[in-house]
Amino acid sequence: MAQTLPTASATPLPAPRDVLELLKPITWFPPIWAFMCGVVSSGAPISERWPFFCAGILLTGPLVCGTSQAVNDWFDRHVDAINEPKRPIPSGRIAGNWGLRIAIIGSLLSLIVAWATGPWVFAATCLGVLCAWAYSAPPARLKVSGIWGPAVVALTYEGLTWFTGAAVMAGSLPSVPVLIVLTLYSAGAFGIMTLNDFKAVEGDRAMGIRSLPAVMGVDPAARLACIIMAVPQVIVVALLAQWGHAVVAAIVAALLVGQLGLMIRLLRDPLKHTPWYNATGTTLYVFGMLASAFGLGGAWGL
């Protein structure tokens, strides 16, 4: 007969340090950065909305992002038992079904905090939590798709968190220019997420995960990722210039030119140079996000 996991009542409460490790704080930085872009793009002073600002940081970092890590670790626990046996769940430090319970508790806390923050933030959080579960949990398990997996991560890490920052500060639906720019940067982030799949091409093929590098091949996937990253930024530059943000448009254009130069080296050997590009080109990309946010928020007349 198949063995079943012991119930939580038969296992000790996990230690706080192990729960924190499960929630992977290092992964909170990208969504918090996008959240701050949303805050800046709103043009609202933090001092006038600081309780909502703090709630937004809590949502985008430890709650929604942390919960997504717990969900992922729970549904990947059998794979992690082979590849990362020292992680909290496969090592037994978070025993029984506590991994699942932490994921559920995190989801509920996210929705409660979002409900208290406002209807638009609540709507974005509902979508974010749904994406977190659909990404890792069967039957959807979107992470096995080279299209849906990166798209969901790009949407949640960039688009929804930027939206949350703007909505938290405005107390309403963000302006149309903000919505357009956050959508474009979210679309471009699909290319960044595709590059992240390069580190596990052989493993993805062996496990049947249809990442774009595994399906298309490394070189074609790298070229596609570069195009997807660059085209939305070209549109952002054109829109910023049209909206009267000439200085910011020039800054974003310069950052894009820098990325294009770095992409040349990336494409020479994508497997070798992807970590280097993530540390350089992706950094320029997110600085472009922040520059765009300053322009949209009217900072310094940009």
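This is a predicted model: local features need pLDDT of at least 70, side-chain atom pairs count only at pLDDT 80 or more; totals for chains, interfaces and linings use all residues.

Colleague: How many residues apart in sequence are the parts that the pair of Lys143 and Asp76 ties together?

Modeller: The two side chains form a salt bridge, their closest N and O atoms being 2.4 Å apart. Because Lys143 lies in the loop between α6 and α7, whereas Asp76 lies in the loop between α3 and α4, the pair ties together parts whose separation in sequence is 67 residues.

Colleague: Which residue forms a salt bridge with Asp76 at a closest N and O distance of 2.6 Å?

Modeller: The residue in question sits in the loop between α6 (119-136) and α7 (148-170), 65 residues from Asp76. The partner at 2.6 Å is Arg141.

Colleague: Where does Arg87, the salt-bridge partner of Glu21, lie?

Modeller: The closest N and O atoms of Glu21 and Arg87 are 3.8 Å apart, and both residues belong to a network of salt bridges that also links Asp18, Lys24, Asp73 and Arg93. Glu21, in helix α1, counts as partly exposed at 31% relative accessibility, while Arg87 is buried at 11%. The pair links distant parts of the chain, 66 residues apart, with Arg87 placed in the loop between α4 (77-83) and α5 (98-117).

Colleague: Which residues does Thr274 touch, not counting those up to four places away in sequence?

Modeller: Thr274 is placed in helix α13, which covers residues 270-296. Its relative accessibility is 5%, so Thr274 counts as buried. With the residues up to four places away set aside, the contacts of Thr274 are Leu195, Phe198 and Leu266.

Colleague: What is the radius of gyration of the chain, and how does it stand against the globule rule?

Modeller: The chain has 13 helices and zero strands. For 302 residues the globule rule gives 19 Å, and the value for this chain is close to that, so the chain is as compact as a globular protein of that length, with a radius of gyration of 20 Å.

Technical notes: Residues are numbered from 1 along each chain as its sequence is written. Side-chain values use heavy atoms; hydrogens and water are left out. Helices (H or I, at least four residues) and strands (E, at least two) are DSSP runs, numbered from the N terminus. The radius of gyration is taken over C-alpha atoms; the globule rule is 2.2 Å times the number of residues to the power 0.38. Buried means under 20% relative accessible area, exposed over 50%, partly exposed in between (1.4 Å probe, protein chains only). Contact means heavy atoms within 4.5 Å. A salt bridge is a side-chain nitrogen of Lys or Arg within 4 Å of a carboxyl oxygen of Asp or Glu.
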